[in-house]
Structure formats: structure tokens, C-alpha cells
Amino acid sequence: MSPSIATPRLWTKVQVKASLPQRGSDSHKGSYGTALLIAGTKEMPGAALLAGLGTMRSGVGKLVIATEAQAMAMIVQRLPEATYLQNGLQQIAEKQVTVDSYRAAAIGPGTNPDALMEDAIEVLLGSGLPVILDAGALSKRTYPDREAPIILTPHPAEFSRITGVEVETLQENRVQYAKVWAKKLGVAIVLKGQKTIVAFPDGEVWANPTGNSALAKGGTGDTLTGMMLGMLCCHTDWKHAVLNAVHLHGACADEWTKHRSPHTLLAHELTNLLPGVWAGFEA
């Protein structure tokens with residue numbers, strides 16, 4: 001039986017402007033923490049790059065990208081501002097390194113859902129970090145009761161895979177299914193698509209008014225994961241970080257289509273647009 005219809009509130013420009021963090025004049029990179037991004041393989045290095053660019057543009061102090069050695073060699077020239085943990089997924093899964101020094105972590109862009117991934121996720125969920133799970137980290141599982149948030153970022157097919165809800169059924173009532181499963185799993189769900197839905201485990205649900213069909217292209221979700229990771233490190237309220245990342249991500253696509261065809265956007269161009277778009281919210 002389909003859940004009853006739910007009506008979300010809109011997270012608008014007014015709320016974004018009121019909740020974006022201030023950057024103190026006496027702050028330093030340590031003020032905004034170090035983010036951990038576990039992403040990419042030698043076959044999919046671009047996902048780690050796109051997520052890394054999104055993170056670095058979104059307020060974080062420092063970023064460590066944990067990726068395969070071959071992927072690292074391909075990424076570093078495009079993102080020299082990050083530091084790198086070679087073969088980091090394996091090192092984290094096997095507890096060869098600690099994750100306790102990071103402010104937040106994201107895992108999954110450009111990776112495969114395998115046993116090593118599950119071991120790394122278990123390590124992250126056993127920590128006190130806010131954790132974003134995306135792409136290859138989205139599998140059917142239960143989650144521990146923990147103080148720090150867990151954020152899932154599925155598109156409809158991934159939501160179907162982790163819940164068993166058919167895509168066609170989901171699309172008929174995206175808001176309520178996101179709300180029900182956020183509460184059931186004890187996680188925040190960012191259900192991507194037209195008017196992306198953000199459902200929190202306490203029952204709070206928001207719809208995002210920004211974005212357009214330009215985002216229907218590979219790599220834009222990786223960019224969103226990175227933006228969310230960076231914003232978790234500079235916002236004091238983790239819910240605001242999630243909602244603002246989603247809103248600004250869509251706002252960048254809206255800026256693109258003011259003068260360009262939605263057919264032509266490339267994912268990395270979202271982070272090129274972000275500095276100007278973000279500044280518009282600070283005016």
C-alpha cells in the first residue's frame with residue numbers, strides 16, 4: 001500500500017541567506033576542519049575529482065582524498081590543493097589508519113559496492129563523524145543508532161535498490177517515501193531529482209526549489225556530495241549544511257541556463273559557477 005501524501009516545505013533563498021556560515025576574519029584552515037573523501041577508482045577517477053572540487057569550493061579548511069594510486073595520479077594535477085591517502089579505501093577498511101581527526105566524511109563516488117566498501121563504511125559509522133553515503137556506498141543495510149548524522153544521497157534507482165520500492169511507485173509519491181524511509185533507517189535522505197527532497201530522521205521534510213534539467217548528466221551528483229561534505233565542515237547546524245548544499249547546487253545550474261543551453265553543462269562547471277552564486281546569497 002502506498003504511503004499517504006505528504007507536503008514538504010520549500011528551503012528557499014531566504015533560509016539559505018539566513019543560515020550560511022560567516023567566515024571569521026581571524027579564522028584559519030583549522031577553523032573549518034579537515035574532510036575525508038573516499039572516492040574513485042582507476043576506472044572512475046573523475047568522480048573523486050568532481051567530489052573533491054565540490055568539497056574544496058564549499059568552505060572546508062583541508063581535504064584528504066582517499067583513492068587508488070592510479071586515480072590519485074590522474075587527479076592531483078587538477079586538484080593540487082587536496083592531500084591524498086593512497087589506496088585509502090583499503091587502508092580505512094583494514095583499520096591501518098584512523099579517521100578520528102576528520103570533521104566529516106563522504107564515501108562512495110566512483111566506487112564499487114563490495115566487501116571492502118562495507119568494511120570501510122562500518123569503520124566510518126563506528127566513528128563520531130557525520131557521514132555521507134553516495135553511489136557505491138548505497139546498499140541495502142541497517143544503520144546504528146549514533147549521535148552524528150548519516151546522510152544518504154540516492155537517485156531514484158539507488159533509492160529503489162536500498163529500499164525495495166519500485167522506481168515507478170517511488171516517483172508517484174517521492175516526498176512520503178523519503179520521509180518514511182528516513183525515519184525507518186534513522187538517516188537523512190537526499191532524494192535527487194526534480195525538486196530534490198531532503199528528509200530527516202525526525203520527520204522534517206524539505207523540497208528544493210532550485211535546479212533544472214541541466215543536472216541530468218553524469219558527475220553532477222558527485223559534485224553535490226562534495227559540496228555537502230565541505231558545508232558540513234563549516235556549518236554549525238548539519239541540517240543547514242545539507243539543505244544549503246542542495247540549494248546552491250541547483251542554483252548553479254539555474255545560473256548556467258540563464259545564458260546557455262541545459263544540454264551543455266558539464267559537472268565540473270558547477271563548481272566554477274559556485275563562487276559567484278554563493279556570493280549572491282551573501283549580498
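Tutor: A residue counts as buried under 20% relative accessible area, as exposed over 50%, and as partly exposed in between. Keep in mind that this is a predicted model.

Student: Is W238 buried, partly exposed or exposed?
Tutor: W238 has a relative accessible area of 25%. Buried needs a value under 20%, and exposed needs one over 50%. W238 therefore counts as partly exposed.

Student: How many aromatic pairs are there?
Tutor: Rings pair if their centres lie within 6.5 Å. By this rule, the number of aromatic pairs is two.

Student: Of what kind is the pair of W11 and W206: stacked or edge-to-face?
Tutor: The ring centres of W11 and W206 are 5.0 Å apart, and the planes stand at 90 degrees. Planes over 60 degrees apart count as edge-to-face. So the pair of W11 and W206 is edge-to-face.

Student: How many residues apart in sequence are the parts that W11 and W206 tie together?
Tutor: W11 lies in the loop between β1 and α1. W206 belongs to strand β10. The pair therefore ties together parts whose separation in sequence is 195 residues.

Student: What is the angle between the ring planes of F200 and W238?
Tutor: The centres of these two rings are 5.2 Å apart. The pair is edge-to-face, because the planes of F200 and W238 stand at 85 degrees.

Student: Where does W238 lie in the chain?
Tutor: F200 is in the loop between β9 and β10. W238 is 38 residues apart from F200, and the pair links distant parts of the chain. The element that holds W238 is helix α10.

Student: The charged end of which residue sits over the ring of F200?
Tutor: F200 itself is buried, at 0% relative accessibility. A charged end lies 5.0 Å from the centre of the F200 ring. That end belongs to K239.

Student: Over the face of which residue does K13 lie?
Tutor: K13 is 5.2 Å from a ring centre. The ring belongs to F281.

Student: What is the order of the strands in the open sheet?
Tutor: The sheet holds 10 strands, and the pairing is mixed. β1 and β4 stand at the edges, each with a single partner strand, so one side of each has no neighbour in the sheet. The order is β1-β10-β9-β8-β7-β6-β5-β2-β3-β4.

Student: Which residue in β10 is the bridge partner of L10?
Tutor: β1 and β10 pair in the parallel sense over two bridges. In β10, L10 has the bridge partner A207.

Student: Do β8 and β9 run parallel or antiparallel?
Tutor: On its other flank, β8 runs parallel to β7, with two bridges, and I189 is the bridge partner of L152. Between β8 and β9 there are three bridges. I189 stands opposite A199 in β9. The sense of β8 and β9 is antiparallel.

Student: Which residues of β8 are buried on each side?
Tutor: In a regular strand, side chains alternate between the two faces of the sheet. Both faces of β8 are covered. One side has A188 and V190; the other has I189 and L191.

Student: Which residue in the hairpin of β8 and β9 takes a positive phi?
Tutor: Five residues lie between the strands of this hairpin. The phi in question is near 145 degrees. The residue is G193.

Student: At roughly what angle do helices α2 and α9 cross?
Tutor: The two axes come within 6 Å. The crossing is right-handed. Contact residues include A47 and L50 of α2 and G226 and M227 of α9. The axes cross at roughly 35 degrees.

Student: How many Å separate the C-alpha atoms of C234 and Y32?
Tutor: C234 lies in helix α9. C234 is buried, at 12% relative accessibility. Its contacts beyond close sequence neighbours are P21, Y32, S58 and G59. C234 and Y32 are 202 residues apart along the chain, yet their C-alpha atoms are separated by 5.3 Å.

Notes
Residues are numbered from 1 along each chain as its sequence is written. This is a predicted model: local features need pLDDT of at least 70, side-chain atom pairs count only at pLDDT 80 or more; totals for chains, interfaces and linings use all residues. Side-chain values use heavy atoms; hydrogens and water are left out. Rings of Phe, Tyr and Trp (its six-membered ring) pair if their centres lie within 6.5 Å; planes under 30 degrees apart count as stacked, over 60 as edge-to-face and the rest as tilted. Helices (H or I, at least four residues) and strands (E, at least two) are DSSP runs, numbered from the N terminus. Buried means under 20% relative accessible area, exposed over 50%, partly exposed in between (1.4 Å probe, protein chains only). A charge sits over a ring if NZ of Lys or CZ of Arg is within 6 Å of the ring centre and within 35 degrees of the ring normal. Two strands pair if DSSP finds at least two bridges between them. Axes are lines fitted to C-alpha atoms, for helices over the stretch in contact, and angles run from 0 to 180 degrees between N-to-C directions. A crossing is left-handed if the near helix is turned anticlockwise from the far one by less than a right angle, and right-handed if clockwise. Contact means heavy atoms within 4.5 Å. Lists of a residue's contacts leave out its neighbours within four places in sequence.
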